[in-house]
Amino acid sequence: MAWRERAGTSFVCEKASATGRAMVVANHPLASAAGAEMLALGGNAIDATVATLFTLGVVEPMMVGIFGGGTALIRLADGRETIIDGLSTAPAAARPDSYKPVSDAWPDYMEVEGRANAVGASAVAVPGTLKGWCEALERHGRLDLATVIDPAIRHAERGFRVSQYLHECVQSTAADLARDPAIAALLLPGGSAIAPGALLRQPAMAETLRAIAKEGPGVLYGGAIGAIAAEYLERHGSMLGKADLAEYQTVDRVPVRGSYRGVEIVGAAPPASGGVHVVQILNLLEGFDMKGLGYGTPETMHLLLEAMKIAAADRVAATADPAFVDVPVAKLISKDYAALRRQEIRTTAAGRFAARVLQNESPNTTHVTVADAEGNIVCSTQTINSLFGARILIPGTGIIPNNYMYLFDPHPGNALSLQPGKRITSTQCPLIAYRDGKPDFALGLPGGMRLYHSAMQAVVNLIDHGMTLQEAVEAPRIWTQGQAVEIELGVPEAERAAVAALGHEVVPVRHVAGGMCAVRWRDDGLLEGAACWRADGVPIGMAGGPARAGTRFFPDPRAGGR
């Protein structure tokens, strides 16, 4: 590829892309297969996405589940676009001073006494995932709920083989998991992390999913399972009650729109901040010759980092739940504002921008990108926040609840402070790009605070550097919010040293953010799907189709057929 001639960093892809007339890309092969199964049953991209997400809740239990939150960016075949905001909210009993902070300074600014906002029932916010998934299906799908849940029930009941990735996630959180008997029994058999290749069965989750298939999401939002969950959580110190579940509502939002070198970029709207700040960063970069500077050179990485710092400062200062905070979206995504801020970037030295309070958003999330042959597209990011959420399991239900209370500022009086009913502020960044009015690519990934920066880099890789889709999702990444700079080890040491010489505090890391799931529309009419090495991601393309009309098997005339 031509980009390699100008590159300061080169790499070899570890995975291969897939092609088809429809595409499902998710961070587990069984989840991608569940989506493909729905397409084979005559479903559309929305059916496939919901089946994929339910299955991920079983096979990627550390990342996602029915007691979490998320954002779905949907483009329908007729061109209409919408966002279903199923992000979690603070319970009605929450107050700005519900937790006792241990520090007024970073790095412990978000920490509270007893880790009460991070681990255990006291960390659980009102979930939105199940309602968001079911509403997407009801509005825009064509299959019934029981059909799309069936693969998830199958894998929960019969079990699936534990991957090395899941095993290591259990290992890294074992100390917290061991404190809860129910989740320890599931994931720490004999006191050790469940082994790679072991069969993980979740019969209680299978029964919960059957109840949802039969009764719909109301079984959680005001129904029997919700009552069990709320009673258990309240008894163990949660602010969440039955009324919080019964009263939860998703929100329909209008996508954020921008452009980069003539390509239209459409993303999620606040309180999911990724769309706003990806557009902002791209606007800043548009004034520089990123292609000419080359991929992975010190000059290119420096400009990316400086733009990231500006966006990070603005994000914390201005982006939150728009029902509680006036978010200046139009200003943040304007070309004029970017031109003003671009003047602050020095091309020869690292700069410092406005002070910020960093959030504790977890990198442990999942993402699904699905496109069908009709033109429906779903780009959906969903999570229970930290690995295994609150690191407890609600007995008898199989549910691992979120720990989304960890994202609220425990100090009163700030934009992100805890308030009853407030939605969490997230960096979730599902993106769809259009060229000449037609879909060009769609992508997203998990990654917490590193998420939208990584999505932005994939956009630059595709538009400026002309990478293939597989290259764009696997390319080494960088990240900063204004302090230390993380650079993946895939970037050569000499290039990292040159970035440090510009005044950046460079920290080499194994990976930045998580597994990206992307789809691209090719000129020949086929879809290409790609997943990267940072998760168990697999693209599955659907090609082929029914027999040509009038084609049939001709029987042997001697057997009496014609």
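1. Starting with the helix pair: helix 3 (residues 45–59) packs against helix 4 (residues 129–140) at an angle of about 155°, and their axes lie 9 Å apart. An angle over 145 degrees counts as roughly antiparallel, so helix 3 runs roughly antiparallel to helix 4. Bear in mind that this is a predicted model.

2. On handedness, the crossing of helix 3 and helix 4 is left-handed. Helix 3 brings I46, D47, V50, L53 and F54 to the contact, while helix 4 supplies L130, W133, C134, A136, L137 and H140. By residue type, that contact of helix 3 with helix 4 splits into nine nonpolar, one polar and one charged.

3. Now the cysteines. How many disulfides does the structure hold? The count is zero. C169, for one, is in no disulfide: the nearest cysteine sulfur belongs to C532 and sits 14 Å away. C169 has a relative accessibility of 7%, so this residue counts as buried, the cut-off being under 20%.

4. Is C379 buried or exposed? Its relative accessible area is 0%, so C379 is buried. C169 is buried as well, at 7% relative accessibility.

Key. Residues numbered from 1 in each chain as written. Predicted model: local features only at pLDDT ≥ 70, side-chain atom pairs only at ≥ 80, totals over all residues. Heavy atoms only, no water. Axes fitted to C-alpha atoms, helices over the stretch in contact; angles between N-to-C directions. Helix = DSSP H or I, 4+ residues; strand = E, 2+ residues; numbered from the N terminus. Parallel < 35°, antiparallel > 145°, perpendicular 65-115°, else oblique. Left-handed = near helix turned anticlockwise from the far one by under 90°. Contact = heavy atoms within 4.5 Å. Nonpolar A, V, L, I, M, F, W, Y, C, P; charged D, E, K, R; others polar. Disulfide = S-S within 2.5 Å. Buried < 20%, exposed > 50% of the residue type's maximum accessible area, 1.4 Å probe, protein only.
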